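Q: I have not looked at this one before. Can you walk me through it?

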Amino acid sequence: MILSLQSPRAGLRRRTRLVAFALGLLAAATAAGAAPARRPNFLFILVDDQSAFDFKCYNPKSELHSPTLDRLAAQGMIIDGAYYMGGWVGGVCTPSRTMMMSGRTLWHIPDASNRGYNPHNDNPRLVPPDLPEQTLPAVFNRAGYATMRTCKPGNSYQAANRLFQVRHDADKRGGDDATGSAWHAERVLDYLKEREARRDDRPFLIHFGFSHPHDTRDGKPEYLAKYGATNHTDRDRPPPAHPKQPRLPAAYLPAHPFDQGNPPGQRDETQASGVWERRDERTIRNELGRDFACVENIDAQIDRVLRRLEAMGELEHTYVFYTADNGIAIGRHGLQGKQNLYEHSWRVPFFARGPGIKPGSRAQGNLYLLDVLATLCDLAGIAAPPTNEGRSFRAVLEGRQATVRDTLYGVYCGGTRPGIRAVRQGDWKLIQYDVHGGRVRETQLFNLRENPEELLPQHHDPAIVALIGYRPTPRQINLASDPAHAGKLREMQALLLAEMRRFDDPFRLWDQPDDGLPVTPEPAAPPATPGKAKGKGKAPAAK
C-alpha cells in the first residue's frame, strides 16, 4: 500500500491549476477555430541593375543617401550573399527575372526568343511546357491572394507577368515624376486605395518594380544637384567635373585587362547614354552620380508606399523584400555593364523585414534570386509548385541557419561561347573565361575575405593608386598563378566542373573534359531593326 504524503489542501490547489490550464488550452483552441491566423502580405521591391556596393551597409565608403532603404535594412535582415545565377544572353535581366518568377535554374528556363540562347529550350524534361502555371503569380492566385504588378514591360518573363490580376507595366526612366520612378509608386498607391474602397481583405502580393537605375539614368534635377551630376548627352566630350560627384570606386580601371568575349557594339559597354565607350574619371564619376540620383528617388518612392501601408495598418502584417535583378559595374574593372561575374555585377543587394525577422540581423545566406518563389510560398504556408528548383531561405530570415547552400555557381554566356563561369565557396572564388573561339582563356582566383573588391595587378599601378587614393595590399590580387595556391586552384576548378554538370550546363571550358556533349550552334541572328545600321540590333536588348 502506498500512502500519499500530499495534504488535501495541496491536492486541491494542484487540481485547480490543472483545470485552469485545461480551460486555457480550450479557450486558445476555440479562438483559433473562430479566427484562423492571418496570412501575411508581401511587398516585393525589384529594381533594375544595381550593385550591392551602392549601399553603406555593404560599402561603408558609399556616398549614396538612402534613408528609407537604410531604415528597411535596420528593421530587418541584410543578406550578404545574394546572387543571380547568371545569363545566357547579353540582356541578363531576362533570364534573371524568369528564374525569379519560376524558381527554376538557368539552364531549365525557357528562351522566349527561340534563337538558341538556351540550348535546352526545346527539351520538355528540362524546360516544362506548363511552366507559366507554376510561377509566382499563378501559385499565389490559386492560393487566394490578390496579386498586383508594376515594373518595366520588357526583358522579363511575359508568360508569368500577364498572370498578375492587376498589371501596370511601363518603361519609366525619365527625369520627372510623370516619366520616372514616381509613376511606379503611384500605381501601387492607387491599387492600395482601390483595395480600401472595395474593402478587399484578401492578403496581397505586390510586385513593386522600378525601371531605374538602369540607364538611361536621367535623374530628377534636385537629386542630380546633390551628387554634382548632369544628364549628359554629348557623345563627343566628357561631362563637366564637379566636387560633389561620388569618388571613383576602389575597383575602378580605365579598361579591362583583356577581352571578355562580348561582340562588337555590345549594348551596355558601348551604347549606354552618357557613357558610351568612355571610361575616364569625369564620365564614371558623373554616371555614378546619376545612378545615386536615381536610387535616392527610388528610395523616396518606396517611403511613400511604406507610409501608406503603415497608415492602413497593413505594414506589420507585410513581408517587405528589396533586391535587384542583377548588379552593375559602372567603371569597376574598366567595365560599364553587367555582362561579367565580378561581385559588383553577379551579386545583388537583398534586404528583408517582416514577421519573425529580427531587426538589425544579418546573414550570409548564399541564396540565388530563384529561391524567392520557394521562400515566399514557405512564409505564406503555400506548397511550392512541383517545378520549383529553389530552396526556401525562411530559416535564414528567422535566424535558424546562416546559409541555404555552401557553393554558388555563376554563368555569363551572352557573348562568344562557352563564355564566363564562376564558382564561390566560403572565402574563395574562381572565374574562368573561354571566349572568341579559344583565343582568350583566362583564370582568376580570389580570396574574397582578403580581396573583396577582386583587385587585379592593374589596380597596383602607381597611376591608378594615385587616382583612386587606395593602395592595395600584396594579397589583393589574382592568385591563380601563385604556386602557393595551386592546390586551391585545382580544388575550385573541380568544384566548378561539378556544378556545371549538376546544373546541366551545355558547355565545357578548354581545361575540362567534354563529357561527350554535342557541339552547340551559335544563336540565330536577331531580325534586322528597321532604320538601324546593320549589326546594331540586339535581342533581347539589355534592359
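Q: What kind of model is it, and how are residues numbered?
A: This is a predicted model, where local features need pLDDT of at least 70, side-chain atom pairs count only at pLDDT 80 or more, and totals for chains, interfaces and linings use all residues. Residues are numbered from 1 along each chain as its sequence is written, and side-chain values use heavy atoms, with hydrogens and water left out.

Q: How many helices and strands does the protein have?
A: There are 14 helices and 15 strands, taken as DSSP runs (helices H or I, at least four residues; strands E, at least two) and numbered from the N terminus.

Q: And what does the C-alpha trace span?
A: About 95 × 55 × 50 Å along the principal axes.

Q: How much of the protein is buried?
A: Of its 543 residues, 57% count as buried, meaning under 20% relative accessible area with a 1.4 Å probe, protein chains only.

Q: Switching to α6: where is it, and how far does it reach?
A: Helix α6 covers residues 181-198, 18 residues in total, and goes 27 Å from its first C-alpha to its last. That is close to the expected 26 Å, where the rule is 1.5 Å times one less than the number of residues.

Q: Which of its residues are buried?
A: Among them are Trp183, His184, Arg187, Tyr191 and Arg195.

Q: What do the buried ones pack against?
A: The buried residues of α6 pack against β5 (146-151), β6 (166-169), β7 (204-213) and α9 (281-311); contact here means heavy atoms within 4.5 Å.

Q: What comes just after α6?
A: Arg199, with a positive phi of about 55 degrees.

Terms used: Buried means under 20% relative accessible area, exposed over 50%, partly exposed in between (1.4 Å probe, protein chains only).
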